[in-house]
Amino acid sequence: MVQSTLITPEPYHLPGYLGYVPQFKFRIGGTYGQTTHKILYSPEKCSSSKLPYRQIDNVGFQEPLQRTRPAQEEGWNNTKLKGCMVPGYTGYVPKGQHFFGERYAQACDNALRSFEKDLIVKQNDEEKLKMVPRKSFVPVAKRAAYPVKPREFGYGTSPYRLPSDHAEKYFVSGYTGFVPRSRELLAKSYPELTHTALNIHKQEQTPKQDRLRRGSTPGIPPRAMARAKTAPPGIIYPPKSGLIPNYTGHVPAMKFKFGKTYGATTVNALQTVS
C-alpha cells in the first residue's frame, strides 16, 4: 500500500515542540513535521543510533507507592500528604526540593519516604535520650553569688511612669516616637538626652496637674474654664461654651466672625441666628 505524500512519515516533532532541533534554522521550504523528520534521519548530523521516540507500550509505569505509616501515627496529622500525590498540589512537601527528574507523584513519594525515615530516627533518638539516667544538680553554694534585687517596676513599664532618678527612665536608640522637650537638648547620647527631656517634662507637668486638681488655673478667665466642660448630650451649639477646634460641622455665621479663637467665636453660636 502506497503511503500518501500529504502525510508526514514518522517519526517527527509536532508543531509547538520547544526542544532543541539541530540545524533546524538552516532548513527552509518545508513544514515543521517534514523538516524535523528529515533532520532525524539526516546522515550529516552527529546523532545517536537510537531514535528520540519509542513505543509507549514498552514503558512500564509504576503504581504509586503506599505510605508505610498513616499520617495520624506520625505526629504531624496531615492527611493531604499521601502516597499518590496529584500534580498541581501547591502545598509544602517535606524534603520535596531534594528529589527531581521523576514524575510528581514518584518524587513526592520518595521525599515522604525519606521524611518518614528521619522521623523514625528522631523518635529513636528521643527514646534513647529518655533512657539515659539523669543526675541531680547539687548547688555549689547555699546562696547566690549575686543576690537579685526585687524590681519596684516591672519590665516594660513606660519611661513616663518611672521616677526621675530611675536608671531606666529613657528611650533606647532608634526610638522614632515623639519625646517632649528633646529638641533643645544637644551634644548627648540618645539615652541621656531622653532621660533629661523626660525629667524636664515631668517637672513642667507637675504644677499643671496640681492646679487642675484644685480646680483653678491662674491666668485663665472663668469663662474659658467653663468652655472646657462637656456640653449636655443632644446639644450641638452649647450656649455657655464653645466648640472644640477642628470641628467639621456647620457653625452659623462663622464666616463673618474673625479676630478671636475658635472656641471663643463659637460660644452661643445660635444667638446670631436668632
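This report describes selected helices, loop residues and a surface patch of one predicted model.

Residues are numbered from 1 along each chain as its sequence is written, and side-chain values use heavy atoms, with hydrogens and water left out. Because the model is predicted, local features need pLDDT of at least 70 and side-chain atom pairs count only at pLDDT 80 or more, whereas totals for chains, interfaces and linings use all residues.

**Helices**

Helices here are DSSP runs of H or I with at least four residues, numbered from the N terminus. Helix H2 (104–131) has 28 residues and reaches 41 Å from its first C-alpha to its last, which is close to the 40 Å expected at 1.5 Å a residue, the expected span being 1.5 Å times one less than the number of residues.

In helix H1 (residues 32–40) lies His37, which is buried with a relative accessible area of 16%. Leaving aside residues up to four places away in sequence, His37 touches Pro9, Glu10, Pro11 and Tyr12, where contact means heavy atoms within 4.5 Å.

**The loop between H2 and H3**

Ser189 is found in the loop between helix H2 and helix H3 (190–214), and its C-alpha atom is separated by 8.5 Å from that of Ser173, 16 residues apart along the chain. Tyr175 belongs to this loop between H2 and H3 as well, and together with Tyr170 and Val172 forms a nonpolar patch on the surface with about 260 Å² of accessible area.

**Partly exposed loop residues**

| Residue | Relative accessible area |
|---|---|
| Ser189 | 36% |
| Tyr175 | 34% |
| Ala253 | 25% |
| Asn268 | 24% |

Ala253, in the loop between helix H4 (222–227) and helix H5 (262–265), has a positive phi of about 60 degrees although it is not a glycine. Asn268, in the loop between H5 and helix H6 (270–273), likewise has a positive phi, near 50 degrees, in a residue other than glycine.

Notes
Helices (H or I, at least four residues) and strands (E, at least two) are DSSP runs, numbered from the N terminus. Buried means under 20% relative accessible area, exposed over 50%, partly exposed in between (1.4 Å probe, protein chains only). Patches are made of residues with over 30% relative accessible area and no salt bridge: like charges are joined within 9 Å, nonpolar side chains (Val, Leu, Ile, Met, Phe, Trp, Tyr) within 5 Å. Accessible areas come from the Shrake-Rupley method with a 1.4 Å probe; for residues, only the protein chains shown count as cover. A salt bridge is a side-chain nitrogen of Lys or Arg within 4 Å of a carboxyl oxygen of Asp or Glu.
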